[in-house]
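Please keep the structure open beside the text and look up each residue as it comes.

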Amino acid sequence: MNTTFDVAVIGAGIVGSAIARKLAGHELSVALLDARDDVGDGTSKANTAILHTGFDAKPGTLESRLVGEGYHLLSEYAELTGIPVEHTGALLVAWTAEELDALPGLREKAEQNGYHRTEIVGPEEVYRQLPHLGEGALGGLTVPDESIICTWTTNLALATDAVNRGVTLLLNRAVTSVEDLGDRTVLRASGGDVHARWVVNAAGLGADVVDRLFGHDRFTVTPRRGELLVYDKLARPMVNKIILPVPSSRGKGVLISPTVYGNVLLGPTAEDLVDRTDTGTSEKGFEFLLGKGEKLMPDLLLEEVTATYAGLRAASDHPDYLIEADAGRRYVLVGGIRSTGLTASIAIAEHVAGLARDAGLALVPRERLPEPPRMPNLGEAFTRPYQDAARIAADPAYGKVVCFCERVTAGEVRDTFRSPIPPATLEGLRRRTRAMNGRCQGFFCGAEVKKLLEERR
Ligand SMILES: Cc1cc2nc3c(=O)[nH]c(=O)nc-3n(C[C@H](O)[C@H](O)[C@H](O)COP(=O)(O)OP(=O)(O)OC[C@H]3O[C@@H](n4cnc5c(N)ncnc54)[C@H](O)[C@@H]3O)c2cc1C
């Protein structure tokens, strides 16, 4: 490739996509690179999908500020683009005297984080709000603005918006070494080198490795695996809000949450690994989660588990997000984005743009930008194509269901191939439509969906 881009962003997860989109709002040529064959195929595809208010973040940290800002920015962006969000609220439940004693401190922390709507409630109120909760809850803290969101649509919307703004998306480009040519950096990558005046490293689990290629040695990523169980839709009426544990030094703990697809999640675990690719689930994790679920909500365990999955948090030895610009190398590190990067993504992008500008990147806003994309709706709280008589009358493909568990239509599958970032694989199609995501996990529709994909490839 002969072009020298003004900026190359490494990593097309939620964070890198948000940064590429933000920078492309300026008079800059921007490339967005990823080692994988799709956007959002790393940690951003497998999380708990909660849009956090940031009430429990460590006050005064960069993470606390960016999560708080990100909550509002992503809520607004979701309205514009049709990313499904449900403002269900959360109830943090205390099960021991020690946890009950921790509630005032958590409330105070929320206040310090600028979130003023929590309330401490007694056990009667806890059971009024959550009648299916297991026995023994002593009290709780309400967090009325905690919300659920579709992480897949968020990543795709940000990347699509970036591409619509002129970003060059380069998939299957794993950056393996870099060369400093003085006025620009050459990113040596599988699939071809990329030249750029500035580089933003948003490589998630690989951010420390890329950082070392730029001559730094300031942090190490530890993949912290989180396994989750997905319960069938029949469980959803039992869980109309997010049920949180009292957080510990190990993280946010095991929660129960509704999903925007109408399921219920139980998880995640927190287990430090060495292998940065090990997203497999384990019998140990399954047993651990069932044990937690038994106490939290025994009725939930009577429902069917339709799927399990695991994601890897990019935990690090640094206690906060590690976002720093190196003006000399024209390079910005965006590291240590662990358990809150979905929520904070747009605020991180704003912050990175500011840092890069202060370090010398000229940011001249573009006068006319394309409208943000309107994304296909995957959420149960909003009308889906199979329910929309007028849409089906105008285009019968929206009346032809191909995945019966999730009620995905041929029209939606077709639309993905006409979109700015079409799917390359069945997994990519699953994230864009929900096809094969239901209780049969593709047993009935898999062959038909695969055929549709192969016809288009
Ligand atoms: C179990 C779990 C639960 C979570 N729950 C929530 C939640 O409820 N709410 C919330 O806000 N956050 C949550 N998170 C955190 C959130 O998912 C992450 O912070 C976010 O997805 C990080 O996005 P990212 O773009 O930094 O990383 P990624 O999505 O991993 O993207 C990084 C990309 O960089 C690419 N890459 C890496 N190395 C290279 C290279 N050398 N060359 C080219 N490309 C490269 C990878 O292929 C990858 O696609 C959770 C995380 C986990 C694991």
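1. Leaving aside residues up to four places away in sequence, Val 199 touches Ala 8, Ile 10, Thr 185, Leu 187 and Tyr 331, where two residues are in contact if their C-beta atoms, placed from the backbone, lie within 7 Å. Val 199 belongs to strand β12, which covers residues 194-201; helices (H or I, at least four residues) and strands (E, at least two) are DSSP runs, numbered from the N terminus. Is Val 199 buried or exposed? Val 199 is buried, because 27 other C-beta atoms lie within 10 Å; a residue is called buried if 20 or more other C-beta atoms, placed from the backbone, lie within 10 Å of its own, exposed if 12 or fewer, and partly exposed in between. Leu 187, one of the residues that Val 199 touches, is 12 residues away from Val 199 in sequence and 8.9 Å away in space, C-alpha to C-alpha.

2. Before going further, please note that this is a predicted model, in which local features need pLDDT of at least 70 and side-chain atom pairs count only at pLDDT 80 or more, while totals for chains, interfaces and linings use all residues. Residues are numbered from 1 along each chain as its sequence is written.

3. For the overall picture, the protein has 12 helices and 22 strands, and its C-alpha atoms fill a box of roughly 65 × 55 × 40 Å along the principal axes. The radius of gyration is 22 Å, which agrees with a compact globule because 457 residues packed in that way would give a value near 23 Å; the radius is taken over C-alpha atoms, and the globule rule is 2.2 Å times the number of residues to the power 0.38. Buried residues make up 50% of the 457 residues, and of the contacts with a separation of 6 or more, 72% are between residues 24 or more positions apart.

4. The protein is divided into domain 1 (1-85 + 147-220 + 317-377), domain 2 (86-146 + 222-314) and domain 3 (385-456), with bounds that come from an automatic or database domain assignment. The C-alpha centres of domain 1 and domain 2 lie 28 Å apart, and 29 residues of domain 1 are in contact with 36 residues of domain 2. On the domain 1 side of this contact, α2 (62-81) and β8 (147-149) each supply at least two residues, and β8 gives the most, with three. That side divides into 14 nonpolar, 13 polar and two charged residues, where Ala, Val, Leu, Ile, Met, Phe, Trp, Tyr, Cys and Pro count as nonpolar, Asp, Glu, Lys and Arg as charged, and the others, Gly among them, as polar.

5. Which residues are the closest to the ligand? They are Gly 13, Gly 42, Gly 206, Gly 226 and Gly 341, in a shell of 41 residues that surround the ligand; a residue is near a molecule if its C-beta atom, placed from the backbone, lies within 6 Å of it. Domain 1 and domain 2 each give at least three residues to this shell, and α1 (14-23), β18 (305-316) and α8 (341-358) each supply at least two. By class, the shell has 18 nonpolar, 17 polar and six charged residues.

6. Helix α1 is mostly covered, with 10 of its 10 residues buried, among them Arg 21 and Lys 22. The buried residues of α1 pack against β1 (4-10), β2 (30-33), α5 (151-164), β12, β20 (331-335) and α8.

7. Some backbone details deserve a careful look. A cis peptide bond, with omega of about -5°, joins Gly 267 and Pro 268, and Pro 268 lies in the loop between β16 (264-267) and β17 (271-272). Ala 49, although it is not a glycine, has a positive phi of about 60°; Ala 49 sits in the loop between β2 and β3 (50-51) and counts as buried because it has 23 C-beta neighbours inside 10 Å. Arg 434 is not a glycine and has a positive phi of about 80°; its place is in the loop between α11 (426-433) and α12 (446-456).
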